[in-house]
Amino acid sequence: PSIPLSARIVPPSFATYLSRFLLHYDEGAGKWWEKQSDSFSLLASYEAKKRESKSFSSYTSSIQKGLYSYVSGENESNISSYSKVRTQYASLLTSLVNKYGSKEGAIRDIGLLFAMLPPVYQPTEQLLKLDKGVITQTGSNKGSKLDNFTPNFQEDFTLLLPNKYQIQYNDIEKSYTITPKINLFEIGI
């Protein structure tokens, strides 16, 4: 089966990591998520986790649909052009840096986020302009303060990638990758 166009333009891993990023760095999203989680607190642990997971999936799906509309343009006019899609992602990167870039670890997480895009869509010009020291800065997130994943990584949707994961520019492909290599699907991203 082929991958739906929307998932090729906005990969699920990108939408999922952006969701986690927003729950951690965006005050409004974080407060909303706390209320969501608290609303399940009276349920049995298994049921609460199941509902929280479903709620996160819905949140991520909404983000993916919104991103697809934004990136693909009016009447999907951008999808026939890699450069138009890349321009939209560059605009998103600039917005995220402007809004969250002053928060500890945010630039690193933004770099990781955009490294999850297919190389043809990566706004490499903007990524190359990011301060190398800030890109490797330890995150403020409890997940990113560690070198390895916490046991509850797949259950705590506010956690981000641990410190050992960094972005690296590949001169041959002219794009970024995450090192060490990681299977994002295996960890629920």
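In the hairpin of strand S1 (residues 166-170) and strand S2 (residues 175-179), 4 residues lie between the strands, and Lys 174 takes a positive phi near 55°. The two strands run antiparallel and are joined by 5 bridges; strands count as paired if DSSP finds at least two bridges between them. Gln 168 has Thr 177 in S2 as its bridge partner. Helices (H or I, at least four residues) and strands (E, at least two) are DSSP runs, numbered from the N terminus.

This is a predicted model, in which local features need pLDDT of at least 70, side-chain atom pairs count only at pLDDT 80 or more, and totals for chains, interfaces and linings use all residues. Residues are numbered from 1 along each chain as its sequence is written, and side-chain values use heavy atoms, with hydrogens and water left out.

Most residues other than glycine have a negative phi, and most peptide bonds are trans. Asn 75, not a glycine, has a positive phi of about 55°; Asn 75 sits in the loop between helix H4 (45-72) and H5. Thr 179 and Pro 180 are joined by a cis peptide bond with omega of about -10°, and Pro 180 belongs to the segment after S2.

Now to the helix packing. Axes are lines fitted to C-alpha atoms, for helices over the stretch in contact, and angles run from 0 to 180 degrees between N-to-C directions.

| Helix pair | Axis separation | Angle |
|---|---|---|
| H2 (residues 12-25) and H6 (residues 106-115) | within 9 Å | roughly 165° |
| H2 and H3 (residues 27-39) | 5 Å | about 95° |

H2 is therefore roughly antiparallel to H6 (over 145 degrees). Phe 14, Tyr 17, Leu 18, Phe 21 and Tyr 25 of H2 contact Ala 106, Asp 109, Ile 110, Leu 112, Leu 113 and Phe 114 of H6, where contact means heavy atoms within 4.5 Å. These residues divide into 10 nonpolar, no polar and 1 charged; Ala, Val, Leu, Ile, Met, Phe, Trp, Tyr, Cys and Pro count as nonpolar, Asp, Glu, Lys and Arg as charged, and the others, Gly among them, as polar.

H2 and H3 are roughly perpendicular to each other (65 to 115 degrees). Here Leu 22, Leu 23 and Tyr 25 in H2 meet Glu 27, Ala 29, Gly 30, Trp 32 and Trp 33 in H3, a set of 6 nonpolar, 1 polar and 1 charged.

As for confidence, the chain has a mean pLDDT (the predictor's confidence in each residue, from 0 to 100) of 87, and 88% of its residues reach 70 or more.

Definitions and conventions
Angles under 35 degrees count as roughly parallel, over 145 as roughly antiparallel, 65 to 115 as roughly perpendicular and the rest as oblique.
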